[in-house]
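Here is a short briefing for a reader who is new to this structure. Please look over the sequence and the model, then read on.

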Amino acid sequence: MRKFSISYWLDNVSKKDFSQDMKLLNTEIMSELLYAEKRSVLLDRIISNIKKIAERHEIEYMEIPLGSSGLFIPVLYREKSDPNSTFLLLLGAQHNEYNGTFGILEFLNSKMNKSLFEWQKSCSGGFLIIPVLNIRGFLHPIFENKWGYYVTGINNLQQTNCNRFWDKTLEQDIFQKYESSIPEESRVVGDFLLRLRQDPRTPLTVLDFHETSLPYRIRKEMTQTLNLNYLSDLNWIKEVTLESAFKYKGISYLNKKRSEDIKWIKEAVTEMSEHIQEKAIYFLFYSPYSKDLANFLDSHLQKEFASVLWYSSRYIVDHSQKIEGCFVSANMSRPWMCAIEIESHKLFFNLPEEQKKYEENLQYGKYLLNQLRLNSNIAANVIYFTLKYLSSRNNKEK
Ligand SMILES: [Zn+2]
């Protein structure tokens, strides 16, 4: 059972040098992420870091309890002082992905954090920051919960994806109707968010951070098994990869593919995937109400990360095709929202496989650390540029 008291914090955390604590992304972090028994040490480091942020900047720190488990979701928040103003939600680690977690921490620990306080002051808005939502999966990554993907712990092996219920948490009447069917993590956060936002139809901006291994898997697949049948059934990532191959070759995109195209497409995908392991990727999923923000972020991110991004025809994707329940699909019919889902390269898809590579090759730990730093840096910049966007819209409205 994990319990935190103020005296524990004062005794064990505040004596440490703050600058040491800021270096969360050090070499130890890989073994803390790769080995389940070290996860609680890492969570302690994250908690002590955000408590210091709270103290320094006069932000509220809170532990949202998870039933009788003794576990809690550590959050930072500030209430709105104007009830009609915008509320901002930053959400990391709904699944086994830590770009949002460390991106949030990088943002809060760097000078970028000024943009948050300046925006908040100028519009009297509020915010809720959740570095790790899926605490049970984070602390107990096991095969049964797909290495921390699902919101299940050691005692509850039912696989539940907490990212399928947010549409039921955004308005009081809907929330009450579905409350008992919403998984605990989404329910307690949804409930808290409704209280913080006061009027449920006031503006809500959401940055929801995820990672996916799809872009890498599809590129590999295409260089090996591409045929006409494969091209007849395209999802978003296959479509973007194909579009990229056409753009790479300077050929205008054809909806109808011919068998004579297969060979050059395979070659193009191989060529544009060179050095892909060292590079980074992001995809921003948007709704009709967040498309403008997605375009704004994309133009800044492409400039900022030009030298490290792998080749793609585009980095923003219309979310209308995806499954219900996440924030962006909930945003499809809610004009008062503005939600973006951020995808980066997934690093901890299969924990035992990653452990094996880490143990066999010293360089692999460095590689993982570098990738995590890239993902986190992209996430921190997404937050920073979103605040620039919100501030510029405030100024326009004044
Ligand atoms: Zn995810």
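## Briefing: a sheet, its strands and a helix pair

Three bridges join strand β6 (residues 282–286) to β7, and these two strands run parallel. The model is predicted.

- Eight strands form an open sheet with mixed pairing. Their order is β1-β2-β4-β3-β5-β8-β6-β7.
- The edges are β1 (60–66) and β7 (316–318). Each has a single partner strand, so one side of each has no neighbour in the sheet.
- On average, neighbouring strands of this sheet are turned by 20° against each other, direction ignored.

**Strand β6 and its partners**

- On the β7 side, Tyr-286 has Asp-318 as its bridge partner.
- β6 also pairs with strand β8 (residues 337–345). This pairing is antiparallel and has four bridges.
- Within β8, Glu-341 stands opposite Phe-285.
- From β6 the chain crosses through helix α14 (residues 291–304) to β7. This β-α-β crossover is right-handed.

**Burial of β6**

- Is β6 enclosed or open? Five of its five residues are buried, so β6 is largely enclosed by the rest of the structure.
- Side chains in a regular strand alternate between the two faces of the sheet.
- Both faces of β6 are covered. Tyr-282, Leu-284 and Tyr-286 are buried on one side. Phe-283 and Phe-285 are buried on the other.

**Strand β5**

- Strand β5 (residues 204–212) has eight of its nine residues buried, so β5 too is largely enclosed by the rest of the structure.
- Strand β3 (residues 87–91) runs parallel to β5, and five bridges join them. Leu-88 has Thr-205 in β5 as its bridge partner.
- β5 also runs parallel to β8, with nine bridges between them. Leu-204 stands opposite Met-337 in β8.

**Helices α12 and α13**

- How do helix α12 (residues 236–249) and helix α13 (residues 262–272) cross? Their axes come within 9 Å and cross at roughly 90°.
- The two helices are therefore roughly perpendicular to each other, given that angles of 65 to 115 degrees count as such.
- On the α12 side, the contact involves Thr-241, Leu-242, Ser-244, Ala-245, Tyr-248 and Lys-249. On the α13 side, it involves Trp-264, Ile-265, Ala-268, Val-269 and Met-272.
- By class, this contact of α12 with α13 has eight nonpolar, two polar and one charged residues.

**Two loop residues with positive phi**

- Most residues other than glycine have a negative phi.
- Glu-58 has a positive phi, near 55°. Glu-58 lies in the loop between α4 (39–57) and β1.
- Is Glu-58 buried or exposed? Glu-58 has 8 other C-beta atoms within 10 Å, and 12 or fewer count as exposed, so Glu-58 is exposed.
- Gln-198 also has a positive phi, near 65°. Its place is in the loop between α9 (184–197) and β5.
- Gln-198 counts as partly exposed, with 15 C-beta neighbours inside 10 Å.

Technical notes
Residues are numbered from 1 along each chain as its sequence is written. This is a predicted model: local features need pLDDT of at least 70, side-chain atom pairs count only at pLDDT 80 or more; totals for chains, interfaces and linings use all residues. Two strands pair if DSSP finds at least two bridges between them. Axes are lines fitted to C-alpha atoms, for helices over the stretch in contact, and angles run from 0 to 180 degrees between N-to-C directions. Angles under 35 degrees count as roughly parallel, over 145 as roughly antiparallel, 65 to 115 as roughly perpendicular and the rest as oblique. Two residues are in contact if their C-beta atoms, placed from the backbone, lie within 7 Å. Ala, Val, Leu, Ile, Met, Phe, Trp, Tyr, Cys and Pro count as nonpolar, Asp, Glu, Lys and Arg as charged, and the others, Gly among them, as polar. A residue is buried if 20 or more other C-beta atoms lie within 10 Å of its own, exposed if 12 or fewer, and partly exposed in between; C-beta atoms are placed from the backbone. A crossover is right-handed if, with the strands pointing away from the viewer, the path from the first strand over the helix to the second runs clockwise.
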